[in-house]
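Visitor: I'd like to learn how to read side-chain packing in a fold. Could you walk me through it?

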Amino acid sequence: MLSSPSVTDFELAGSRIKAGSRAVVDIPFGKLYTHTELNIGAHVVHGKKPGPVLLVTAALHGDEINGVEICRRLLKIPKLNQLKGTLVVVPIVNTYGFVQQSRYLPDRRDLNRSFPGSEKGSLGSRMAWQFTEHILKKSQYVIDLHTGAIHRSNLSQVRASAKDKMALQMAEVFNAPIIVKAASRDGTMRGTANSLGIPIILYEAGEALRFDEQSINIGVRGILNVMQHLGMLTGRKTAPRTRSLFTKKSSWIRAEHDGIARYYVTLGQAVQQGDVLAHIYSPYSDFEVAVTASFSGIVIGRNNLPLVNEGEALFHIAEVSELEEAEKTLDAIVDEVDAAMPPVLGTEISLV
């Protein structure tokens, strides 16, 4: 009889985690001018059997808290006791922004525009460098959790590079309503992972500083689906009845005038070119102007604040094929996820 290969300790930032155990590793990421230390806590679940290393991150922007709750629920899944490989979960990357309920770092820099960073750069650059060296480079696959910005909501969607076949496979099995094939921006963690050859997908859902139960459910199940696809979790593989919609092109409809907006369309709604999406009016006159769709597609992002300035992004619309069936597809995926989630987290979660 062939014996199973032994699993060595997993090392992260100088800490060693034995096979079949869990640990929280606190990693120092710099100091404020008050000598207050900034640490990042990384949960490590190191399986008894060999397998890949998956990194799950959230709150890279400190006010994007949906992912923090997704991480909490993920770490409570009983199936992790039979994990193959290693799961590294960083629920809060930007600890300063999280405490301050802010997207940014103390100097108003965006941590997700500071990668891969520098050992001797700004605070954001140093933090990005530390994260890249001590955490990102230890990973073989990455799922990065985000939400819309303050006062903006995103439909549950996964973004992946069209040039990375493995990332696209991860995006498909994640089974969010929309998959956006998009190149990464300079300075982002996704861009750095791409340059290192690490497949990475980015999950966008909900709004900053708000929990959205549907987005959280889709996120938890999506990560479990990816883990099963990577062979980290065992169980009967069940193909989803409804598959994600793909889009290669999306753009924002912007306000052509400043004023107060009345919005008429919601996330996931199909719109035709020329449809009226909102009206903007002045509180000081009878001036009113319509905001119309410049092309047909699905609304995947929306501004929630009625007070708008000229040029402000209002609606994010993605082009999809077979627009007539798109809304039904989105509703079907959401219904499948809602029906499969258990009423109590402690019960077993089947994979879809």
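Guide: Buried means under 20% relative accessible area, exposed means over 50%, and partly exposed is in between, with a 1.4 Å probe and protein chains only. Keep in mind that this is a predicted model, where local features need pLDDT of at least 70, side-chain atom pairs count only at pLDDT 80 or more, and totals for chains, interfaces and linings use all residues. Residues are numbered from 1 along each chain as its sequence is written, and side-chain values use heavy atoms, with hydrogens and water left out.

Visitor: How many aromatic pairs does the count come to?

Guide: A pair of aromatic rings is described by the distance of the centres and the angle of the planes. Rings of Phe, Tyr and Trp (its six-membered ring) pair if their centres lie within 6.5 Å; planes under 30 degrees apart are stacked, over 60 edge-to-face, and the rest tilted. That rule gives three aromatic pairs. In one of them, Phe-115 and Phe-131 have ring centres 6.1 Å apart and planes at 85 degrees, so the pair is edge-to-face. Phe-115 sits in the loop between helix 2 (95-100) and helix 3 (123-134), Phe-131 in helix 3, so this pair links distant parts of the chain, 16 residues apart. Helices (H or I, at least four residues) and strands (E, at least two) are DSSP runs, numbered from the N terminus. Phe-115 is buried at 6% relative accessibility, and Phe-131 is buried at 1%.

Visitor: What is the geometry of the rings of Phe-174 and Tyr-203?

Guide: Their centres are 5.0 Å apart and their planes at 40 degrees, so that pair is tilted. Phe-174 lies in helix 4 (residues 165-174) and Tyr-203 in strand 10 (residues 200-207), so the pair ties together parts that are 29 residues apart in sequence. Phe-174 is buried as well, at 1% relative accessibility.

Visitor: Which residues have the most contacts inside the largest nonpolar core?

Guide: In soluble globular proteins, nonpolar side chains tend to be buried together. A nonpolar core here is a set of buried Ala, Val, Leu, Ile, Met, Phe, Trp, Tyr and Cys residues joined through side-chain atoms within 4.5 Å. The largest one has 40 residues, and Val-56, Leu-87, Ile-143, Phe-174, Ile-201 and Met-227 have the most contacts inside it. Helix 6 (residues 213-229) gives the most to this core, with seven residues. Apart from that core lies another, of 30 residues, among them Leu-12, Val-93, Met-189 and Ile-198.

Visitor: Which residues are buried in helix 4?

Guide: Ala-167, Leu-168, Met-170, Ala-171 and Phe-174 are buried there. They cover an arc of only 160 degrees around the axis, which puts them on the same side of helix 4; the arc is that of the directions from the helix axis to the C-beta atoms. What covers the buried residues of helix 4 includes strand 7 (141-146), strand 8 (152-160), strand 10 and helix 6, where contact means heavy atoms within 4.5 Å.

Visitor: Where do charges lie over rings?

Guide: The test is that NZ of Lys or CZ of Arg is within 6 Å of the ring centre and within 35 degrees of the ring normal. Lys-138 lies over the face of Phe-10, at 5.1 Å from the ring centre, and Arg-152 over the face of Trp-252, at 5.0 Å.
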